[in-house]
Amino acid sequence: MSCDKDAETRHTLDCFRDRLKRLIQVEPLLDLLHFLEPDRKDRIKAKFREEGNISAATLLIDEIIHSKNCEQGWSRELVTALETVGCKHAAKYVLNSPPEPTEEAENDSCVRLIDLLQLTLVNMKTADVCAHCRVMGLLTQEDQENILKLIENQGNIGGARLLLKRLVKNEAGWFSKFLQALEDTEHHELVRELRGEPCNEDEAMSVETVEEGEQSCSSATVETNMYSSMSLPPPVLSANSSLLSEDLDSSVDSSGLGACADNEEVDMYKEGEEEDLTEDDNPSEEDKRDIVLRDYQMEVARPALEEKNIIICLPTGSGKTRVAVYITKEHLEKRKQMGQPGKVVVLVNKVPLVEQHYKAEFGRFLKHQYSVERVSGASQLKISFPQIIEQNDIIICTAQILENSLAKAKNGDEDGIKLSQFTLMVIDECHHTKKGGVYNHIMIRYLKQKHQNQLLKKQDKSPVPLPQILGLTASPGVGGAMSQQRAEEHILQICANLDAFTIKTKTFEEEEAKTPFKRIARAEERKEDPFGDVIKKIMDEIHEHADLKPLCEPGIQNYEQWVVQKEQNAAKEENQKVRVCAEHLRQYNEALHQSNTIRMSDAFRFLDKYHNEELKTKSIADEEGTVTITDTERFLFTLFKDNKAKLQELMGKPQYENNSLAQLKTNILKEFSTRERARGIIFTRTRLSAIALCQWIQENPKFDEVGVSASYLIGGGDQSVVKPMTAAEQKDVLNKFRDGQINLLIATTVAEEGLDIAECNFVIRYCLVTNEIAMIQARGRGRAEDSSYTLVAEAGSGVAERESVNEYREKMMSKAIAKVCKMNRADYEKKIREFQMQAIMEEKVKIKKKQQKGMMKEPPSKISLSCRQCSVFVCSGEDIEKIENMHHVNVTTQFSKLITVRENASLQERLLDYETNGVIACKNCGQQWGSMMLYKSIECPCLHIKNFVVTYGSKKKTFSKWSELPIKFPAFDYTQHADLLVEDSGEEEDMETD
C-alpha cells in the first residue's frame, strides 16, 4: 500500500513540478529529508549556492522522481518535512490536494502583485512586519532568524526581499494576513497600494459627506432660514494631524476642484446669463438643432430610452454626457406626450461640473425648450432649493445639496424634498456610488423605498414613484480586486448600488479609439545628493537631541508615519521636547521628498517659510505678556539657522538637482519642439509641486523659446498649507487653457476626472501613480488624434511598477464588464438583489448603532482640554457650546484670557451670519487653537479639536474630529449671551456718563 502511495507521489511531483519548484524552500527542507543519500543532498546544496532556490528545487524534484533507493514511506516524510519548514502550500500539491482553480488564480494574482510592487514593499519596517508574520504563522522560527540576520548583515531591504520571497510560498489566504500585518505595523500606505485603493487623490475629489459637526468655521456659512450650517470640511492635514494614512506632502490636493461640503449653500446663477450663449448658439438656430448620436451612442442609450435603469460606461471624450442629454430630452418629450409631469435632476460630484454641464451640454441643447437651472455652493443664495425644483424641468446640482434636502424631508422639514418628485436622475462619475459616498447615501434611500414598494404592492397599495436612474462613468475600476471573480463582483456591486438593469459599454476598434501613445520615461537614480545629506544631518541631530531612534531612513512614507505617531504619543504624555522635535522632523522629511521631485530651492523655501512662520508665532506679544520659547524650540531654530547658508549654497548648484526634473524638461521640450501646436497637462501629486513646477517652467528661458505658456490648476478646499484656488481663479485658468492663452497646465489630480478640459495632445504624469481609475481618467485627457501619455519616474522608485499594476487592473476591469454584460438574466438579477438587501441591512445596522451611540453620549464635564504644544490647561468640556450643531465655541471670560488673536488674511471672508476674523492661539506657546468667529455680532472663539489633548476620565487622548468624542455639548444660547453683552455695554456707558 505504501509503495502505491510513493509511486502516486512521484507522479504528482512530476505533474506539479512547475508550481512546486517555486513553492519549495530547499535549504531548510534538505535537513529533514533522511531518505535522500548525503551525496544527492550535496549536489542539491551546490546547485542552490550556484544557481538559487528554483534550480535547486527542480533538481530535488528530479532526484526524488528518478531515485530507485528511497525507503518505503518517504512520501509521508516529504509531506511532513514540507509542513515543518512552512511550505504547507507545496505539501498540499504533493498530497494531490491543490486549491480550487479560482483560488489558485487569485493566489497567483497576489504573488504577481507582490512581485510588481516589490520596489515599494522593500521599504517596509521589515523587523516589525516579520515579527507579526511569525505570530500569524506565515513564517517559521528559522525564517524569522534568517530574515533578522539578513537585516543585520545587508540592511532592511535585503531582509524585506527574503521576507517577501518566503511569504508567497504559503498556502492560499496568506495575502490577507500579510495585509493585516502591514496594518498592525502602521504601513497604511502600503496596504492601500496593495488593495488598489486611492491615496487621497481620487476619492477625496468627490464631494463626500462630512460628519456633522466637523466643518471648519473658517469657510462656513450660517443662514438661519435655510441651508444653515453650510461649510467646507476642515483641513485633514496640518502640523498636528493625527491621520497616519496621509501622503508625505501635507499639501496633498485631495479637496477636489472647488470642493464643497456636507451642508452646501444653494445658489442661483442669475448674473451673466447672456454669456451662456456662444457665438454659434443663436436661440433661433438652437430651436432647430437636433442632438444627433453616433451609432455606438444610440446603442448604449437604447435601454434607457425604454425607461430602464442603466450605467453607461464609455471612455473619456466619447460623448457620455451628450448621450445623457439625448436621453433627458426623449424622457421629457415622452412624458409630455403622455400628459405626465417630468422632472430631471443631474447630479455631479464637483462644483465646476455644475456650470460645465449647464453651458456645454444640458443648457446648450435644452434650455430653449425646457427650463434648466443649476445649483451649487459657489455664489450667493437667491431662493430655496425646493422652489428651484418646483419651477424647473431640469436641475443640475452637486449631489450633497440633494442629499441635504432629502435628509430634511425625512426629518419633517418643510424645506426638504423627496425622490418621488423626480422622474429621471442622472448620476455623473457614478463609480463613486460606493460606501461612504454621497451618491451612495442617495441611492440607499432609493433602494429602501424600492424595497418598501414591493411590500406595498403585496398589500395592494400604491407604490411611491421613483425616478429612472442613469449612471455615467469612464472607468468603474475593480475596487482593489486581486482576481477576475472579485473584479466581476465589484462591477455587480456598482450595478446593484445604482439599481442598474445592465451596464452598457462599447469596445472600440483600433481605428475608432483615440488611445494616446504611451511611454515610460525613466530617470536615473541620483548619484549624489549633498542637499539631502545636509537635511538628513539636521534630522540626525534632532534625533539625538530628543533621544529618538527612527525605524527607517528619512524621506519615505514609513518615516512620516513613525514621526506622526511619535508626535501624538508625546502630546498625550505632555513630553513637549519630543512633540516639537517630531513636528520639525515632519517638515524636514517633507523637504526631502520635495527635493526628489521639484527643485532644491523649492524645498528650501518650504523649510524657510515654516521656520519664519513658527518664529513669528513666538514673537507676537500682547499687552499682558509674551509667548514662551522653550530651550528645545531655541535649539531647533538655531539648528536651521546654522545650516541655512549651506542649503542655500547647494540649491544653487544645478548638477545636484534630481534627475526626474531633467527628464521632465526633456519631455516638455520634445513635445513643444515636434508638434505644430502643442497643448498638454502635467499631473503631479501635491499642490505645492504644481505651483513649484509652474514657477520652474516660467523662470526657465528654454521653455519660453519653444512657446510654452504655463499655469497651474489646484483644488479649492482649504485642506493644506498651500492657499487653495477660488472658483473664479479655477474658471479663469480653464478658460485661458481652452482659448490657447495657456498651452501647458500643471495640475493636481483634481483635473483628472470629469472636467471638460480642451483637447490635449500630450499628458504627463510626473512621479505620480494612484489607481486604475485615475490612470484611465488622466490618459483620457489626451483626446487629440496624435496624443501621447508619458509617465516620468525615477528608476527604482516603484512608480513604473505600480503603473503596470494599474494596466493589469484595467484589463481585468474590461473583462469583468464584458462578463457581467453576458450574464444570464436570472443570475444577474439574483446577484443584484443579494447586494441590495445586504446594503439595506447594513444601513439599518448603521442607523441603529448611531442611535445607540447617541444615547450613550456622556456629559461635557467628563472631559477637559489642554494645549497640544505646551500642555497648559485650557478649559473644561462644560465651557464648550455648539453653534448650528457644528461649531464648538468657548465664550467664557476665563478662556479669553488664555488666547491671543492673530490676523489670517486667507480666512477673512464676509459671509451671511458670521465672519471669521482670524486665528486664535495659545498665549503661552503660540500654538494655534482655532479661529475667531463673529456670529450675529458676537465674537465666538471656535475650537479645533485637533489642536488639543483631551483628558477623558483618567486617560489623555488626541482626536481629529469632534464627532469622535462621545460627548453631548449644549447648543449655543444666543439670547443669553446677547443679553450679557448688552448689560456689559450698558455698564460701560454709565461709567462714561459718570
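Trainee: What is the relative accessibility of glutamate 574?
Mentor: This is a predicted model, in which local features need pLDDT of at least 70 and side-chain atom pairs count only at pLDDT 80 or more, while totals for chains, interfaces and linings use all residues. Residues are numbered from 1 along each chain as its sequence is written, and side-chain values use heavy atoms, with hydrogens and water left out. Glutamate 574 sits in the loop between helix H24 (557-573) and helix H25 (576-595), helices (H or I, at least four residues) and strands (E, at least two) being DSSP runs numbered from the N terminus. Glutamate 574 counts as partly exposed, between buried (under 20% relative accessible area) and exposed (over 50%; 1.4 Å probe, protein chains only), and its relative accessibility is 36%.

Trainee: What is the phi of glutamate 307?
Mentor: Glutamate 307 belongs to the loop between helix H16 (295-305) and strand S1 (310-313), and is partly exposed at 46% relative accessible area. Most residues other than glycine have a negative phi. Glutamate 574, though not a glycine, has a positive phi of about 60 degrees, and glutamate 307, also not a glycine, has a positive phi of about 70 degrees.

Trainee: How are H23 and H27 oriented relative to each other?
Mentor: Helix H23 (residues 530-546) packs against helix H27 (residues 631-651) with axes 10 Å apart and an angle of about 170 degrees, taken from 0 to 180 degrees between N-to-C directions of lines fitted to C-alpha atoms over the stretch in contact. Because angles over 145 degrees count this way, the two helices are roughly antiparallel.

Notes:
Parallel < 35°, antiparallel > 145°, perpendicular 65-115°, else oblique.
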